[in-house]
Amino acid sequence: MFKKIFALVFLLKISMGLQAQMSDLPFTEFDLENGLHVILHQDNSTPIVAVSVLYHVGSKNENPNRTGFAHFFEHLMFEGSENIDRGEFDTYVSNAGGVNNANTTQDRTFYYEIFPSNQLELGLWLESERMLHAKIDHKGIETQREVVKEEKRQRVDNQPYGTWLSNSFERAYHVHPYKWPVIGSMEDLNAASDEDFKNFYKKYYLPNNATLSIAGDIDIEQTKALIAKYFSDIPAGPEVTQPDIVEPPLEGPIVDTIYDNISLPAMFLTYRIPAQTDPDIYPIKMLATLLSGGESSRMVKKLKNEEKLAIQITNFPMNLEDPGVSFMIGLPNMGIELSALLEGVDQEIVKVQNELITDREYQKLQNQFESEFIQNNTSMVAIAESLANYYTYFGNTNLINTEIEKIKNVTKEDIRRVANDYFTPDNRVVLFYLPKQQNQ
């Protein structure tokens, strides 16, 4: 009985939290004279604060002969600064009861700390040190060069199917810098000089190329004063421009076979889709959920559970600043050829292209996306990141309060249209992964 009561109370708390998130999320935003954009969200319900900085630099900003720099800096920026000894960045955070991390995409590099709220000033100092005078020296570069090499060995080279993402992007793009992987080329990193890394830092790690986003138990005016104290004297640099390279259409399917150190074959489909700011992204995301979002989705029910063609089937679009991609991944059942699984996938897509989804499916999608949208903004660091993303990519921070309406406005006709516009054989890369022994 006690367990049932506890579960009921727990669910009630979740429900109350979701209802609170349904109301508009307040925020304050402004620019410092050096161009740093600041976004503040005050939530005093728990004594936690998330301090984050988004730098508008990702792998697409790299020199084609010096790939991997954006991801490399994700590691290098923890080396320390003029006032933080080597390796002490994490120590400051952990000693204050906090956690920190960072991640890199094709379009940006994101750093954050989560602290007890009385450590807000520490977080601001740490990030200002990183922005003003990070430690970019030979020892740190050599240390992190080995760290990145080991990461590539573990996550890519020695992982089954570890190369599928890089192989997919390489074939889906021919001129746009999305064509190389975020982790970059080890040859490029080995060939880079200390000066190359210093120049990258000077070019992109600037206040006028960054968004400082803070969410949690703060006082807005006090936080503004602290931000001015730690960031206002950091000098701006030259304006950073984003690549304007336009990738031409695929104009025909690309099909290739990769022999890998695997025991089970797999299929990876890559469809070209618009940038994340395009209105078509909303019905594209709904289409992905319709097809493989859970056990009751169309492909999972038909191809996995009924026809037994697949032991796993999934698909998902990537959020990218420039026109991007949506992936479909399938592992065939024992004795099933990849060509048969591909045919099954195509049949399910054709159904969406020819027939409107049912009212029940449509309402379920609306419910799923509303719930997902709310749950994605329930932690302080998630809110801080969402605010920074909306400002950086859309130029509209208030989308955190209004984007749900764009989702609600997607129609069944929109879902059918994007299925016809983007999910065609002429607009995709097909990679068949087979065990190496089949190539002998």
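Helices α10 and α16 are roughly perpendicular to each other (angles of 65 to 115 degrees count as roughly perpendicular, under 35 as roughly parallel, over 145 as roughly antiparallel and the rest as oblique). The model is predicted, so local features need pLDDT of at least 70 and side-chain atom pairs count only at pLDDT 80 or more, while totals for chains, interfaces and linings use all residues. Residues are numbered from 1 along each chain as its sequence is written, and side-chain values use heavy atoms, with hydrogens and water left out.

**Exercise 1. At what angle do α10 and α16 pack, and which residues meet?**

Step 1. Start with the elements: α10 covers residues 281–292 and α16 covers residues 412–422 (helices, H or I, of at least four residues and strands, E, of at least two are DSSP runs, numbered from the N terminus).

Step 2. Now take the geometry. The angle is about 90°, and the axes are 9 Å apart (axes are lines fitted to C-alpha atoms, for helices over the stretch in contact, and angles run from 0 to 180 degrees between N-to-C directions).

Step 3. Look for the partners. From α10 come Pro283, Ile284, Met286 and Leu287, which meet Asp414, Ile415, Val418, Ala419 and Tyr422 of α16 (contact means heavy atoms within 4.5 Å).

Step 4. Sort them by class: the contact of α10 with α16 has eight nonpolar residues, no polar ones and one charged (Ala, Val, Leu, Ile, Met, Phe, Trp, Tyr, Cys and Pro count as nonpolar, Asp, Glu, Lys and Arg as charged, and the others, Gly among them, as polar).

**Exercise 2. How do α4 and α9 pack: what are the angle and the distance between their axes?**

Step 1. α4 (120–133) packs with α9 (residues 220–231) at about 30°, and their axes lie 9 Å apart.

Step 2. The two helices, α4 and α9, are therefore roughly parallel to each other.

Step 3. On the α4 side you will find Leu120, Glu121, Leu124, Trp125, Glu127, Ser128 and Met131; on the α9 side, Thr223, Leu226, Ile227, Lys229, Tyr230 and Phe231. The residues of this contact divide into eight nonpolar, two polar and three charged.

**Exercise 3. Work out how α13 and α15 are placed relative to each other.**

Step 1. For α13 (residues 359–375) and α15 (residues 399–408), the packing angle is about 170° and the axes are 10 Å apart.

Step 2. α13 and α15 are therefore roughly antiparallel to each other.

Step 3. α13 contributes Tyr362, Gln366, Phe369, Glu370 and Phe373, while α15 contributes Leu399, Ile400, Glu403, Ile404, Ile407 and Lys408. In this contact of α13 with α15, seven residues are nonpolar, one is polar and three are charged.

**Exercise 4. Which residues of α8 are buried, and what do they pack against?**

Step 1. Within α8 (residues 194–204), the buried residues are Phe197, Phe200, Tyr201 and Tyr204 (buried means under 20% relative accessible area, exposed over 50%, partly exposed in between, with a 1.4 Å probe and protein chains only).

Step 2. Look down the axis of α8: these buried residues fall within an arc of 100°, so they line one face of the helix (the arc is that of the directions from the helix axis to the C-beta atoms). An α-helix has 3.6 residues a turn, so residues three or four places apart point the same way.

Step 3. The partners of the buried α8 residues are β3 (48–55), α2 (69–76), α4 (120–133), α5 (138–157) and α7 (186–191).

**Exercise 5. Compare two residues with positive phi: where are Glu251 and Lys308?**

Step 1. Glu251 is not a glycine, yet has a positive phi of about 55°. Lys308, not a glycine either, has a positive phi of about 55°.

Step 2. Glu251 sits in the loop between α9 and β7 (254–260), and Lys308 in the loop between α11 (298–306) and β9 (310–317).

Step 3. At a relative accessible area of 72%, Glu251 is exposed; Lys308, at 46%, is partly exposed.

**Exercise 6. Is Leu331 buried or exposed, and what does Leu331 touch?**

Step 1. Leu331 belongs to strand β10 (residues 324–332).

Step 2. With 15% relative accessibility, Leu331 is buried.

Step 3. Not counting residues up to four places away in sequence, Leu331 touches Tyr161, Pro265, Ala266, Leu309, Ala310, Ile311, Gln312 and Leu341.
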